[in-house]
Amino acid sequence: MNTLTPQHPRARLGADEIRLSQSLETFAALSEPGSGPGVTRLAYTQLERRAHAVFAAEMRLLGLTVHTDAAGNTIAERAGNVPGLPAIGTGSHLDSVPNAGAYDGIAGVAAAMETARLYHTHDITHAHPMRFVAFAAEEGARFGQACTGSRIVAGLTGTDDLATKHDAHGTTLAQALRSMGFPPEDVSQARWQPEDWAAFLELHIEQGSVLASSSTPIGVVDLISGSTRILLEVSGRASHTGGTPMHQRADAMAAAAEIILLVESVANDSRHRGTRATVGRLETAPGSITTIAGRAALYVDVRDVDSDRQRLAAAEIVARARSLCARRGVTLTAHTLADASPVILPGWLRESVADTCRRLGVDYRVLPSGASHDAQMVNHVVPTGMVFVPSRDGISHSPAEWTAASELALGTDVLADALLALDRLLAPDTRHDPGPPPADATTATPRTKDTAAPGSTDGEGATP
């Protein structure tokens, strides 16, 4: 038996750069007309469903069985050759923020599609069923809550929660689901059962600059940041800008401006090292150039890899905003829109992906994710890992978002091989049973790059 090392790497399956690029272009073309540059394909819209239909059609052409669950997630399955084993899965999401790039989420779906093609082309067999998933509504851009489709399958969002989230037009999540043909009262049927799943891997663009700046082709994620999203509503007094003396004003917009700088200062404070916080959206009323604003609504996103620091930063922002509003003679109401804790991904699975990189002779780096991902949610049900590919200049949620086709192809090769490695690792073997994978998330062998510092990647930063 040969010992495989980076000096004598195993041949890769050979993901097709042209095919991957064509998949990305096909999905990018499904964008809201007249919405400006980039891709706009919001959650639970006809455009998102059309993207899912493209995914489903491609998977059926490869002979996979496909179904869409009660949350709008599309799942394609390639049968294993050992009956009764739980599935190994991969995938990402197909919705976007407004004026997005073509890679966030979609790169992971394109990689899943290409992996299925590689298995089909090379007639590869595996013991476990392989499932390829396109999640619905990962972005929080429309309803303020990220990862809705994966939260539902993980049992973290239920029917009662769907009526409490709404978009800028007042449409609730429940109404949006129903309009797409998914009765909200049925979403519990989409919940995954732990016994049905063995492992899950998500490929995603980094959305940060660690890989690109260090010329490292692959990132292996060890933990995913949490996110607390808050709506701060400032109520002042609308009045005529020329007729109201400066000392008699209750200017909601002036208070909002100070809150924006407050949010930035909290995140920059040394007590919150690693915290990222942003006011990503500001609404004011009545919106007339000659009228002092009587109302302002600020949507705040607080991210951290430390759950205590995340919540303390959010609480500090609210407390200090309330104090400055009192000083300015306006009132503040705070509402928590969504709250997700950071997640440490299983060490044994992360090390399995690292082993794959070493077998293939691919340089890699262990690093955290500053953005939320579907993997963060499904890890509550099934052991989950993440593979990152580089993002040029760390840009994401922008039309300038870009990953080279060669970089995505290499990431797909790692993904496809890592899934097969998990299949071998987790398959029952009556000749030699090594037992379950180690549960200790701290166990690791030497890596080719030092672990990146927490908080070094950019956040996913969507707002309602």
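Where is the place of Ala 198? Ala 198 sits in strand 5 (residues 197-205). This is a predicted model, in which local features need pLDDT of at least 70, side-chain atom pairs count only at pLDDT 80 or more, and totals for chains, interfaces and linings use all residues. Residues are numbered from 1 along each chain as its sequence is written, and side-chain values use heavy atoms, with hydrogens and water left out.

**View 1. Ala 198 in strand 5.** Helices (H or I, at least four residues) and strands (E, at least two) are DSSP runs, numbered from the N terminus. Ala 198 is buried, with a relative accessible area of 14%; buried means under 20% relative accessible area, exposed over 50%, and partly exposed in between (1.4 Å probe, protein chains only). Not counting residues up to four places away in sequence, Ala 198 touches Pro 86, Ala 87, Ile 88, His 128, Val 382, Pro 383 and Leu 426, where contact means heavy atoms within 4.5 Å. Val 382 is 184 residues from Ala 198 along the chain, yet their C-alpha atoms are separated by 6.4 Å.

**View 2. The largest nonpolar core.** A nonpolar core is a set of buried Ala, Val, Leu, Ile, Met, Phe, Trp, Tyr and Cys residues joined through side-chain atoms within 4.5 Å. Leaving aside neighbours within four places in sequence, Phe 132 is in contact with residues including Phe 55, Met 59, Leu 64, Ala 112 and Tyr 119. Another core, of 27 residues, lies apart from it, and Ala 250, Val 279, Cys 325 and Val 330 are among its members.

**View 3. Helix 3 against helix 12.** Two packed helices are described by the angle between their axes and the distance between the axes. Axes are lines fitted to C-alpha atoms, for helices over the stretch in contact, and angles run from 0 to 180 degrees between N-to-C directions. The axes of helix 3 (residues 106-121) and helix 12 come within 9 Å and cross at roughly 60°. That makes helix 3 oblique to helix 12; angles under 35 degrees count as roughly parallel, over 145 as roughly antiparallel, 65 to 115 as roughly perpendicular and the rest as oblique. Residues making the contact include Ala 111, Thr 115 and Leu 118 of helix 3 and Leu 408, Ala 416 and Leu 419 of helix 12.

**View 4. Helix 8 against helix 9.** Helix 8 (residues 252-268) and helix 9 (residues 307-328) have axes that come within 10 Å and cross at roughly 150°. Helix 8 is therefore roughly antiparallel to helix 9. Among the contact residues are Ala 255, Ile 259 and Leu 262 of helix 8 and Ile 317, Arg 320 and Leu 324 of helix 9.

View 5. Most residues other than glycine have a negative phi, and most peptide bonds are trans. Asp 123 is exposed, with a relative accessible area of 61%. Ala 137 is buried, with a relative accessible area of 2%. A cis peptide bond, with omega about 10°, joins Ala 285 and Pro 286.
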